[in-house]
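The following exercises concern a single protein chain. Each task is followed by a solution worked step by step.

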Amino acid sequence: MALNDAPLGKTSDYPDSYDPGLLFPVAREENRRRLGLEDGRWPWFGEDLWQAWEISWLRPSGVPEVAWAEIVFPAASPAIIESKSLKLYLNSLNQAVYSSREQVAEVITQDLSSACGGAVQVNLLSVDESGEAIGRPEGFELIDDEPVREVVFEYAPEALSASGEVVTERLCSHLLKSNCPVTGQPDWATLLISYTGPKIDRGGLLRYVVSFRQKQDFHEHCVETVFTDLMGRCNPESLTVVARYTRRGGLDINPWRSTETGGDAGPRLIRQ
């Protein structure tokens, strides 16, 4: 489906009945082709962790129940789900009757897996369950005060460089901002980079992060761009890139890509 057919940026009626047809998949392939990646050979493992904070349905008695969810899309799935369509879909559950939280989770899992073409994991939680602790990532060094020359607000992968002895570092920036490719609205995130390899120039990395400020792309695509640029220009032996995006419309999206298996998006942060 073409992106201009997505509900994002358009006036939408509030759904009053369950409708999985509201989900709008967006193919990952086009962005990966722009990165020079084709034929399903991606240089990473990864997932997209969505946190959905506004989920409700009706018990058999008619009394509403509320919950929030951790939803994990595999990075290997053929498509992502456009965020407004996911919100509309979740809203379509509001007047549907389910016998248990487990039944709701099963329905959401089946619908999202079918829409994105991959095995989605859904963990539906009570609003009294906090999930991960909130805080600053432990062990990461903040680069936001590094000296930077010639700050630019247009995408600048040439700002990245690495040299010298092999080091292991965990770097963090709260300054990642990109824009929705449909509405132009800003998306804010904390970027987390863990690597082993030649030492990355921190001033150049900060300049690179700031250069996303006017870039229009989806959260998942931005993370894959950062990962690909770091691999190509800094030649690390191992690399993990995570972006923890702030919430919009009751949803936050947190993609991670890594050369290693078994990773995750890390802890929920203060801005989330």
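**Exercise 1. The surroundings of L22**

Once neighbours within four places in sequence are set aside, L22 is in contact (heavy atoms within 4.5 Å) with P15, S85, L88, Y89 and S92. The model is predicted: local features need pLDDT of at least 70, side-chain atom pairs count only at pLDDT 80 or more, and totals for chains, interfaces and linings use all residues. Residues are numbered from 1 along each chain as its sequence is written, and side-chain values use heavy atoms, with hydrogens and water left out.

Task: Determine where L22 is found, and whether L22 is buried, partly exposed or exposed.

Solution. 
- Step 1. L22 is found in the segment before β1 (25-27). Helices (H or I, at least four residues) and strands (E, at least two) are DSSP runs, numbered from the N terminus.
- Step 2. Buried means under 20% relative accessible area, exposed over 50%, and partly exposed in between, with a 1.4 Å probe and protein chains only.
- Step 3. L22 has a relative accessible area of 25%, so L22 is partly exposed.
- Step 4. One of the contacts of L22 is L88, which is found in helix α2 (residues 83-91). With a relative accessible area of 11%, L88 is buried.
- Step 5. For distances, L22 and P255 lie 233 residues apart in sequence and 23 Å apart in space, C-alpha to C-alpha. L88 and L58 are 30 residues apart along the chain, and their C-alpha atoms are separated by 17 Å.

**Exercise 2. The nonpolar cores**

Task: Identify which residues have the most contacts inside the largest nonpolar core, and which element supplies its largest share.

Solution. 
- Step 1. A nonpolar core is a set of buried Ala, Val, Leu, Ile, Met, Phe, Trp, Tyr and Cys residues joined through side-chain atoms within 4.5 Å.
- Step 2. The largest such core has 31 residues, and L176, L191, I193, L205, L230 and V241 have the most contacts inside it.
- Step 3. At least two residues of this core come from each of β7 (162-179), β8 (186-200), α4 (202-210), α5 (219-234) and β9 (238-245). The largest share, six residues, is supplied by α5.
- Step 4. Apart from neighbours within four places in sequence, L205 is in contact with I143, L160, L171, I193, I200 and L230.
- Step 5. A second, separate core has 27 residues, among them W57, Y98, V104 and I108.

**Exercise 3. Loop residues**

Task: Locate E150, N235, L35 and R41, and describe the features of each.

Solution. 
- Step 1. E150 lies in the loop between β6 (141-142) and β7. Its phi is near 55°, a positive value in a residue other than glycine. E150 is exposed, with a relative accessible area of 64%.
- Step 2. N235 lies in the loop between α5 and β9. The phi of N235 is near 50°, again a positive value in a residue other than glycine. At 54% relative accessibility, N235 is exposed.
- Step 3. L35 is found in the loop between α1 (29-34) and β2 (45-58). Leaving aside neighbours within four places in sequence, L35 is in contact with E224, T225 and T228. L35 and T168 are 133 residues apart along the chain, with their C-alpha atoms separated by 26 Å.
- Step 4. R41 is found in the loop between α1 and β2. R41 is exposed, with a relative accessible area of 62%. R41 and A27 are 14 residues apart in sequence and 15 Å apart in space, C-alpha to C-alpha.

**Exercise 4. The chain as a whole**

Solution. 
- Step 1. The C-alpha trace spans about 65 × 40 × 30 Å along its principal axes.
- Step 2. The chain has five helices and ten strands, and buried residues make up 52% of its 272 residues.
- Step 3. Of the contacts with a separation of 6 or more, 75% join residues 24 or more positions apart.
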